[in-house]
Amino acid sequence: MPLETLDRSPPPFFKQGPSALSQLVFFSALALFLMVADARFQIVQPLRAVIATVLYPAQWLALQPVQMVQTGLGYLTDLKTARVTEEAARVKLAEQSQRAGQVEQLLLENERLRQLLGLRERLQVASVAAQVLYDATDPYSRRVVIGKGQLQGIEPGSPVMDESGVLGQVTRVYPFVSEITLLIDREQVIPVMNTRTGTRAVAYGDPSPRGGMMELRYMAVTEDVKEGDLLATSGVDGVYPPGLPVARVVSVDRRSDTSFTRIQCAPLAKLQGVTHVMVLAPVTRQVPQDADGNPQQVAAAAPASAPASAASPARPASAPPARRAAAQGARR
């Protein structure tokens with residue numbers, strides 16, 4: 001058969017099929033349509049659920065070794081943490097037991113000394129629990145708002161504390177809410193006492209808006225202050241009851257170019273994210289007063305076995321009227 005008689009024309013369309021470019025365009029358009037339809041109408045969700053159900057056993061089997069290793073590591077970590085926590089709890093329990101015995105002895109000696117010196121008993125401070133609603137809107141102050149106000153007996157100047165220590169002071173009182181100024185506010189000042197040395201000082205809030213620290217100012221370079229010292233309220237201001245934990249010294253910077261020491265303190269109270277607080281009654285309301293509004297001198301009776309000289313501290317109470325009478329006579 002001669003070659004000239006062969007048909008060199010391409011086969012019909014249904015025998016050759018579509019071209020590669022036509023297939024690319026068709027399947028790209030189909031993929032875009034399926035993606036848009038699945039995003040708008042969730043038409044592929046049932047198919048996806050069926051595939052996930054079929055593949056779940058294989059996924060579960062593949063994840064078992066990983067979960068076993070994670071469980072073993074978590075068990076070992078928890079066991080080590082539990083041992084460390086138990087050891088720390090035992091040490092803390094022993095320290096608390098020792099302190100409990102010392103506290104009982106100190107309370108007994110304190111009671112005897114107060115009876116001997118005729119001092120009044122410590123104040124039993126009344127308190128009201130409150131919940132923190134939100135932070136104040138002023139970005140340059142550190143204040144929070146609680147859900148108790150004047151109708152619940154909250155008074156301006158009342159100390160506020162949480163389970164760790166002093167938190168701040170009530171500065172504004174409304175009928176249903178109150179505003180508390182935190183200790184780290186730049187305008188907040190609180191008198192404190194070093195529980196180790198008995199030195200009294202004044203702690204100021206951090207002047208920076210978001211510092212979160214306190215500062216002991218006007219402390220001489222020769223003062224005995226160390227890192228880790230606990231600061232408690234001294235009670236000399238008539239606002240905070242004495243003995244409440246306030247802060248702990250974190251840094252002591254003694255400079256040679258100044259006569260004062262720069263002392264930074266970290267508050268013990270939880271200043272960030274606090275949810276519940278305890279509002280104490282003002283100290284001035286706890287002290288019994290006479291008809292003229294002056295605080296009364298409550299003296300305890302001295303024991304019968306005490307010597308007669310034990311009552312001598314009460315005698316100077318009559319000295320001021322005698323001096324006033326002598327001064328009036330001199331003016332006449």
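**View A. Arg172 and its salt-bridge partners.** In this predicted model, Arg172 counts as partly exposed, at 43% relative accessibility. Its side chain meets that of Glu179 in a salt bridge (3.8 Å, N to O). Glu179 is buried, because its relative accessible area of 11% falls under the 20% limit. A network of salt bridges links Arg143, Arg172 and Glu179. In total, the count comes to 9 salt bridges.

**View B. Glu215 and two arginines.** Glu215 is buried, with a relative accessible area of 13%. Arg217 counts as partly exposed, at 27% relative accessibility. Another salt bridge joins Glu215 to Arg262 (3.6 Å, N to O). Arg262 lies in strand E11 and Glu215 in strand E8, so this pair ties together parts that are 47 residues apart in sequence. Arg262 is partly exposed, at 39% relative accessibility.

**View C. The closed barrel.** Six strands form a closed barrel in the order E6-E7-E8-E11-E10-E9, with antiparallel pairing. Neighbouring strands of this sheet are turned by 40 degrees against each other on average, direction ignored. Strands of a sheet pair through backbone hydrogen bonds, either parallel or antiparallel. Strand E6 (residues 189-194) and E7 pair over 5 bridges, in the antiparallel sense. Here Met193 stands opposite Arg200 in E7.

**View D. Met214 and its neighbours across the strands.** Strand E7 (residues 200-205) pairs with strand E8 (residues 214-220) in the antiparallel sense, over 3 bridges. Gly205 stands opposite Met214 in E8. E8 also pairs with strand E11 (residues 260-267), again antiparallel, over 5 bridges. In E11, Cys265 is the bridge partner of Met214.

**View E. Tyr174 in a loop.** Tyr174 is found in the loop between strand E4 (166-173) and strand E5 (178-182). Tyr174 is partly exposed, with a relative accessible area of 39%. Beyond residues up to four places away in sequence, Tyr174 touches Gly149 and Gln150. Tyr174 and Gln150 are 24 residues apart in sequence, but 5.8 Å apart in space, C-alpha to C-alpha.

View F. Seven residues make a nonpolar surface patch of about 770 Å²: Phe26, Phe27, Leu30, Phe33, Leu34, Phe41 and Ile43. Phe41 has its place in helix H2 (residues 20-41). Phe41 is exposed, because its relative accessible area of 64% is over the 50% limit.

Terms used: Residues are numbered from 1 along each chain as its sequence is written. This is a predicted model: local features need pLDDT of at least 70, side-chain atom pairs count only at pLDDT 80 or more; totals for chains, interfaces and linings use all residues. Side-chain values use heavy atoms; hydrogens and water are left out. Patches are made of residues with over 30% relative accessible area and no salt bridge: like charges are joined within 9 Å, nonpolar side chains (Val, Leu, Ile, Met, Phe, Trp, Tyr) within 5 Å. Accessible areas come from the Shrake-Rupley method with a 1.4 Å probe; for residues, only the protein chains shown count as cover. A salt bridge is a side-chain nitrogen of Lys or Arg within 4 Å of a carboxyl oxygen of Asp or Glu. Helices (H or I, at least four residues) and strands (E, at least two) are DSSP runs, numbered from the N terminus. Buried means under 20% relative accessible area, exposed over 50%, partly exposed in between (1.4 Å probe, protein chains only). Contact means heavy atoms within 4.5 Å. Two strands pair if DSSP finds at least two bridges between them. Axes are lines fitted to C-alpha atoms, for helices over the stretch in contact, and angles run from 0 to 180 degrees between N-to-C directions.
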